[in-house]
Amino acid sequence: WCDALASLEDRDAFDEYGIVNDSVFALREYTDIFDSLKARNISLSSLSYSYSAKHFRGYGPEHFWVESVFRGLSKEGLNTFMDYSCVPADHPFFCSGTSRVEQKACIINNFEHDLAKQFPRDKVQGLYFSDAPNSTRIRRYRSRRTWVVNPLYWKQLVDEMDFPAAKENIKECIPDVNSPLLEKCTKYLTPQKVWDWDLKFEVAEHGLKSPERSEGSDKDDDSDDDDKSESTDEDDDSEDEDDDSDDSESEEEDK
């Protein structure tokens, strides 16, 4: 995010910015992140917010923070975000030298929990409550405290509140791209090609349908396969790392 934002020649060219985690699917068109910036005159809006303290050692409004899944920033909010978050790779915020689980928790603490504290409380808003109710923390989900890792609570949010997102790497939420929940946001993609790419969306542009292309063209299929073979081998390691992300969070919660 910081590299992309820093590369912009004129950050004042836009009134609002959105930063999105790459491990989520959009389930429908959703503008409330940006609408809330204007309507409530705030600097930072987020899809979800939590009252859970760092390391889950405490709970209540005094521990309010917003998650990084999808955030919106005003111009002023963007400057605060970059001043606080865009630090060198060797900065203590990244907790180098710790275990994978400890580092993940440390990064969440520094870049999500503490980011909210950089703004006046009335300048930050979360739209959906992230913390899972006890009714969804049963059996194997007992330690799953947030919608990000709790499929039961996520489904409740979708069914009852039209929640607009799903974690890509939780197969209990979206088993594959043929899920009916993705029909509103994947209709311009060739689903089987995206699935064949193991959801590597950096090459998904080759599966885009357009009026100029005939769907299922042999020529297009051949070129897409070539692109696929070039891209997938070099990305295997990064995908393996992504698949472990929710396991790490779950381990941290258990701890």
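Select helix 3 (residues 75–85) and helix 4 (residues 100–116); helix 3 passes helix 4 in a right-handed crossing. A crossing is right-handed if the near helix is turned clockwise from the far one by less than a right angle, and left-handed if anticlockwise. Helices here are DSSP runs of H or I with at least four residues, strands are runs of E with at least two, and both are numbered from the N terminus.

This is a predicted model, in which local features need pLDDT of at least 70 and side-chain atom pairs count only at pLDDT 80 or more, while totals for chains, interfaces and linings use all residues. Residues are numbered from 1 along each chain as its sequence is written, and side-chain values use heavy atoms, with hydrogens and water left out.

The axes of helix 3 and helix 4 come within 11 Å and cross at roughly 140°. Axes are lines fitted to C-alpha atoms, for helices over the stretch in contact, and the angles between N-to-C directions run from 0 to 180 degrees. Helix 3 and helix 4 are therefore oblique to each other; angles under 35 degrees count as roughly parallel, over 145 as roughly antiparallel, 65 to 115 as roughly perpendicular, and the rest as oblique.

Next, show the side chains of Phe81, Tyr84 and Ser85 in helix 3 and of Asn110, Phe111, Asp114 and Leu115 in helix 4, which make the contact (heavy atoms within 4.5 Å).

Which residues does Asn110 touch? Beyond residues up to four places away in sequence, Asn110 touches Tyr84, Pro92, Phe93, Cys95 and Leu115. Asn110 counts as buried because its relative accessibility is 12%; buried means under 20% relative accessible area, exposed over 50%, and partly exposed in between, with a 1.4 Å probe and protein chains only.

Return to helix 3 and select Gly77. Is Gly77 buried or exposed? Gly77 counts as buried, with 0% relative accessibility. Leaving aside neighbours within four places in sequence, Gly77 is in contact with Ser43 and Phe119. Gly77 and Phe119 are 42 residues apart in sequence, and their C-alpha atoms are 8.2 Å apart in space.

Finally, select Leu27, Leu47, Trp147, Trp154, Phe163 and Ile174, the residues with the most contacts inside the largest nonpolar core, which has 25 residues. Such a core is a set of buried Ala, Val, Leu, Ile, Met, Phe, Trp, Tyr and Cys residues joined through side-chain atoms within 4.5 Å.
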